[in-house]
Amino acid sequence: MHIEAPAPRRRALISLTPLIDVVFILLIFFMLASSFLDWSAVTLSTPSSQSSATEDQPPLAVQILSGGELRLAGEPVSVERLVIALREQLAMEPARTVVVQPAGEVPLQTVVNVLDRVREAEPVSLRLSRE
């Protein structure tokens with residue numbers, strides 16, 4: 001009686017090539033589908049003791065309230081009208097500093113949007129301050 005040993009089982013080889021192909025295709029898809037933002041810098045003046053001592057007039061305040069409302073020198077103003085109103089104020093006093101004062105719970109993106117609008121009015125000096 002001769003018993004034959006069972007034939008050794010061959011392990012199935014798993015090829016990684018299709019997996020790499022799928023990952024590569026997904027990488028290309030997400031690279032092409034994503035959007036790249038235009039990064040821009042916001043130039044702000046840093047406060048100094050010399051500048052505050054030499055300023056004749058108080059700064060022009062742009063307040064951003066918690067609900068997203070804007071106030072220019074205490075008066076309500078819309079986002080669309082902000083640039084025009086600032087240019088009118090700065091035409092009378094061109095050297096006046098503009099200070100943007102966001103409330104504590106205002107989102108950062110809202111603050112940046114308002115800073116961009118204020119920059120359109122081309123103030124000589126622009127500062128960001130807490131209310």
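In which sense do β2 and β3 pair, and over how many bridges? I looked this up first. β2 and β3 pair in the antiparallel sense, over three bridges. For pairing I used this rule: DSSP must find at least two bridges between two strands. Helices (H or I, at least four residues) and strands (E, at least two) are DSSP runs, numbered from the N terminus.

**Ground rules.** I am working with a predicted model, where local features need pLDDT of at least 70, side-chain atom pairs count only at pLDDT 80 or more, and totals for chains, interfaces and linings use all residues. Residues are numbered from 1 along each chain as its sequence is written, and side-chain values use heavy atoms, with hydrogens and water left out.

**Overview.** I noted four helices and five strands. Along the sequence I read the pattern α-α-β-β-β-α-β-α-β. The protein has 131 residues, and 22% of them are buried. Buried means under 20% relative accessible area, exposed means over 50%, and partly exposed lies in between (1.4 Å probe, protein chains only). I also looked up contacts, meaning heavy atoms within 4.5 Å. Among contacts between residues at least 6 apart in sequence, 71% join residues at least 24 apart.

**The sheet.** I reminded myself that strands of a sheet pair through backbone hydrogen bonds, either parallel or antiparallel. Here five strands form an open sheet. Their order is β3-β2-β1-β4-β5, and the pairing is mixed. β3 and β5 are the edge strands, each pairing on one side only. On average, neighbouring strands are turned by 25° against each other, direction ignored. Axes are lines fitted to C-alpha atoms, for helices over the stretch in contact, and angles run from 0 to 180 degrees between N-to-C directions.

Next I went back to β2 and β3. Leu70 stands opposite Val77 in β3. Helix α3 packs on this sheet and touches β1 (60-64), β2, β3 and β4. The direction of α3 makes about 10° with that of β2.

Ala73 sits in the loop between β2 (70-72) and β3 (75-77). Its phi is positive, about 55°, although Ala73 is not a glycine. Ala73 is partly exposed, with a relative accessible area of 49%.

**Strand β4.** Is β4 mostly covered or mostly open? I found it mostly covered: six of its six residues are buried. Thr97, Val99 and Gln101 point one way, while Val98, Val100 and Pro102 point the other way. β1 and β4 run parallel, joined by five bridges.

**From β4 to β5.** Strand β4 (residues 97-102) and strand β5 (residues 125-128) pair in the parallel sense, over four bridges. Val98 stands opposite Leu126 in β5. The chain crosses from β4 through helix α4 (residues 108-120) to β5. This β-α-β crossover is right-handed. That label means that, with the strands pointing away from the viewer, the path from the first strand over the helix to the second runs clockwise.

I stopped at Glu122, in the loop between α4 and β5. Phi of Glu122 is near 55°, a positive value in a residue other than glycine. Glu122 is exposed, with a relative accessible area of 64%. Then I reached Leu128, which is found in strand β5. Leu128 is partly exposed, at 42% relative accessible area. Leu128 and Pro102 are 26 residues apart in sequence, but 8.2 Å apart in space, C-alpha to C-alpha.

**Two helices.** How do α3 and α4 meet? The axes of helix α3 (residues 79-92) and α4 come within 8 Å and cross at roughly 35°. Their crossing is right-handed. A crossing is left-handed if the near helix is turned anticlockwise from the far one by less than a right angle, and right-handed if clockwise. From α3, the contact is made by Val79, Glu80, Leu82, Val83, Leu86 and Arg87. From α4, Val114, Arg117, Val118 and Glu120 take part.

I sorted these contact residues into six nonpolar, no polar and four charged. Ala, Val, Leu, Ile, Met, Phe, Trp, Tyr, Cys and Pro count as nonpolar, Asp, Glu, Lys and Arg as charged, and the others, Gly among them, as polar.
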